[in-house]
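Subject: Structure handover and notes

Hello,

My notes come after it, sorted by topic.

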Amino acid sequence: MSDTVELTFDNEIAIISLKNPPVNALSQSVRRGILNSVKEIKKEKNVKVVIIRGKGNAFCAGADISEFSNKEKLAQGPDLPGVIQHIEDLDKPVIASIHGVALGGGLEVALGCHYRFSTSSTKVGLPEVQLGIIPGAGGTQRLPRLIGVQKSLEIIMTGKMVRASSANKMGIIDVVIPNVHDSDSMLNATIQHYRNDPSKYQELRRVSSLTVKNEYGEMVYDMAIQTAKDKARGFNGPIHCINAIKASEKPFNEGMATEKSIIVQAMQSTQAQAQQYLFFAQRQTSKHIPKGKASKVNSVGIIGASTMGIGIAICFLEVGIPVVILDIKQEYIDRAVNTITKTFNKNVKRKRMTQEKVDQLLSNLNSTLSYSDFSDVDLVIEAVFENVEIKQTVFRNLDQHCKPSAILATNTSSLDIDLFARVTQRPEKVIGTHFFSPANKMRLLEVVKCSTTSNDTISTVMKVGKRIRKICVLVGNCFGFACNRMFFPYGSESNFLLEEGCFPEQVDKVLYDFGLPMGPFQMQDLSGNDIGWKIRKMRKPFIPKTERYSNLSDSLCADYQRFGQKVKKGWYDYDVSPPVVSDEVKNLIISESNKLGITRRNISDEEIEWRCILPIINEGFKILEEGVSYSPSDIDTMIIFGYGFPAYRGGPMYYADKIIGLPKILSLLQHYSSEHPNSSHLIPSKLLVKLVESNQSLFSYWNKSKHVLKSKL
């Protein structure tokens with residue numbers, strides 16, 4: 001039929017096998033192969049039933065996303081909705097034999113079949129919303145006919161995967177076959193199950209002919225819209241999904257026409273293009289590492305029983321890697337062990353894990369007061385106080401007590417890792433592993449190479465990072481690395497805006513409306529104002545005297561002890577709901593303006609947005625100049641998953657290059673830099689200037705150059 005689809009016969013059974021590894025994506029070749037197979041089957045009078053299955057690791061994980069931007073490929077046909085309609089219209093029963101996953105177009109193919117069998121480990125879903133679009137091959141029309149509007153909204157709006165057992169209860173899966181896992185075993189089990197009682201599978205159950213179930217009428221759509229606004233703020237995809245599902249209550253052909261209209265509109269949107277770019281960017285990060293031999297990590301030591309240390313421990317325990325946690329006092333350790341135990345037990349209450357599984361995972365947790373108990377661990381991560389001298393002492397002790405092959409990692413968020421490597425006898429095995437808080441929930445792991453880190457060490461940490469389900473991105477060693485470095489000037493500029501006329505709630509609202517999870521002052525209150533204060537005190541001696549510096553955040557801590565949410569007062573007062581900026585803070589801000597001789601003025605929301613976002617973008621260009629990051633897409637991945645930059649804007653580098661345009665970015669930076677000459681973070685980067693002057697886009701330049709200007713990687 002084609003190189004990617006195979007048609008075979010087993011007596012009365014026709015078998016259509018997808019064979020487009022690794023996940024049987026529905027490329028043009030696969031679609032053509034399925035259609036040709038269906039046409040061939042129509043000619044075979046002896047065929048009683050048809051089975052569609054995927055070879056390899058999965059039934060089918062959906063569309064070939066690389067074709068989305070290839071208009072020529074898309075125009076060649078056949079289109080997937082038409083192929084699925086041919087499957088459904090067959091006059092012989094069609095069974096989808098599903099193993100692995102059936103996602104997106106893969107599930108839509110299965111919905112076009114008359115019956116769906118799966119393994120017990122199968123997962124199904126329609127994740128297109130995560131790419132800024134909707135299921136476009138009948139998913140929004142067939143699924144509501146099968147399981148009702150409400151459940152369809154839950155699945156399609158979130159893009160979540162559904163386990164076979166739940167899918168069976170809903171009615172998506174007809175038969176779950178236990179104790180089979182691979183493609184061939186599932187095919188054999190499907191054939192056997194059918195032949196045990198063929199009469200059960202003679203009815204041509206065409207989902208398109210079913211009636212849509214909607215028990216709640218218009219209210220269900222109103223509630224869905226509100227949920228989208230609350231949980232997917234700023235994203236258009238969920239609203240597109242709602243509108244398409246609502247059309248399923250029309251006759252099927254009308255609903256399909258509406259689905260097509262909506263997906264065409266969505267595909268052309270900047271949001272969809274940004275989200276699809278991010279999909280590929282996220283998958284490129286693991287390719288941007290030097291070649292090295294990864295060692296096996298069988299056990300991990302963690303120093304520091306703080307919130308961060310606890311979160312890191314949970315990451316490893318969740319995947320079955322034994323952990324030894326160390327601190328200087330038993331009471332700290334006891335508190336950490338208690339918190340970890342409670343966290344895992346919550347999974348039992350929420351039915352995410354069995355008690356037996358939790359007990360098994362917790363049996364891998366040990367604690368100690370002595371470095372000697374780290375003698376056999378393969379990796380140690382220190383998460384102690386952010387102080388060079390303290391961390392150097394930790395590394396000396398680790399070097400003395402850990403086996404020679406052990407990797408020594410630091411969770412520092414900003415300090416020079418070379419300072420720790422040089423106090424050891426194994427500098428090639430020292431590396432940064434910057435987790436983001438809360439470590440067991442945030443997906444980003446910033447892997448930091450210092451000047452002596454070996455390729456083998458990098459490979460080992462990247463591999464174990466993937467094992468604990470992190471998005472690992474390699475960066476070079478500098479103050480703040482990539483993520484924090486890009487957001488330091490963002491924090492500075494937000495303080496300058498306070499000095500010039502704003503109050504915290506105005507700045508926070510503008511950045512929240514831009515799409516960030518919270519504004520800069522809300523974020524500082526959440527993480528603890530004292531943490532930033534301590535970092536600034538270490539950094540202040542190195543800041544040039546000519547550089548503008550705001551004392552507001554320092555004074556908030558030093559003079560008023562407003563450390564944030566943990567003490568119920570920071571930029572906001574938290575003893576009231578909702579929190580408000582107190583008169584004490586407003587008086588501090590006004591007093592600082594007077595002290596600096598600044599006449600306070602009304603500042604527009606537009607100026608606030610640009611002055612906070614531009615320094616992030618500009619610092620990203622400087623990071624690329626210096627070779628701290630491998631590519632613009634690595635930076636975008638980090639800032640989205642580390643700081644919550646809105647995914648529908650693609651990340652700061654994509655936003656600057658593809659949505660706003662580099663000439664405008666440069667012009668705005670030049671404008672604000674001339675107004676604020678003592679803020680070096682507003683001086684346009686040389687790379688940005690070069691690109692605008694040569695009329696090049698960032699991504700086209702980077703893709704052509706295939707290298708960084710001077711690499712720290």
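Predicted model: local features only at pLDDT ≥ 70, side-chain atom pairs only at ≥ 80, totals over all residues.

Residues are numbered from 1 along each chain as its sequence is written, and side-chain values use heavy atoms, with hydrogens and water left out.

Salt bridges

The structure contains 33 salt bridges (a side-chain nitrogen of Lys or Arg within 4 Å of a carboxyl oxygen of Asp or Glu). Burial is given below as relative accessible area (buried is under 20%, exposed over 50%, partly exposed in between, with a 1.4 Å probe and protein chains only). Helices and strands are DSSP runs numbered from the N terminus (helices are H or I with at least four residues, strands E with at least two).

Asp10 pairs with Arg195, and their closest N and O atoms are 3.3 Å apart. This pair connects strand 1 (residues 5-10), where Asp10 sits, to helix 8 (residues 183-196), which holds Arg195, across 185 residues. Asp10 is partly exposed at 27%, and Arg195 is partly exposed at 32%.

In the salt bridge between Arg485 and Glu619, the closest N and O atoms are 2.8 Å apart. Arg485 belongs to helix 19 (residues 483-500) and Glu619 to helix 25 (residues 605-626), so the bridge ties together parts 134 residues apart in sequence. Arg485 is buried at 9%, and Glu619 is buried at 10%.

Arg548 and Glu500 form a salt bridge with an N to O distance of 2.9 Å. Arg548 is in the loop between helix 22 (529-539) and helix 23 (552-558), and Glu500 is in helix 19, so parts 48 residues apart in sequence are tied together. Glu500 is buried, with a relative accessible area of 7%. Both residues belong to a network of salt bridges that links Glu493, Glu499, Glu500, Arg548, Arg601, Glu607 and Arg611.

Surface patches

Lys342, Lys346, Lys349, Arg350, Arg352 and Lys441 make up a positive patch. Arg352 sits in the loop between helix 14 (330-349) and helix 15 (355-362) and is exposed at 60%.

A nonpolar surface patch consists of Tyr216, Met219 and Met223, with about 320 Å² of accessible area together. Tyr216 lies in the loop between helix 8 and helix 9 (218-231) and is partly exposed at 41%.

Leu445

Leu445 is part of strand 16 (residues 444-449) and is buried at 2%. Beyond its neighbours within four places in sequence, Leu445 has contacts (heavy atoms within 4.5 Å) that include Phe435, Lys470 and Val473.

Backbone

The peptide bond from Pro21 to Pro22 is cis, with omega near 10°, and Pro22 is in the loop between strand 2 (13-18) and helix 1 (28-43). Ser577 and Pro578 are also joined by a cis peptide bond, with omega about -5°.

Arg469, not a glycine, has a positive phi of about 70°; Arg469 is exposed at 55%.

Regards

Methods:
Patch = residues over 30% accessible without salt bridge, like charges linked within 9 Å, V, L, I, M, F, W, Y side chains within 5 Å. Areas by Shrake-Rupley, 256 points an atom, 1.4 Å probe, with all protein chains shown as cover. Lys, Arg positive; Asp, Glu negative; His and termini not counted. Charge placed at Lys NZ, Arg CZ, Asp CG, Glu CD.
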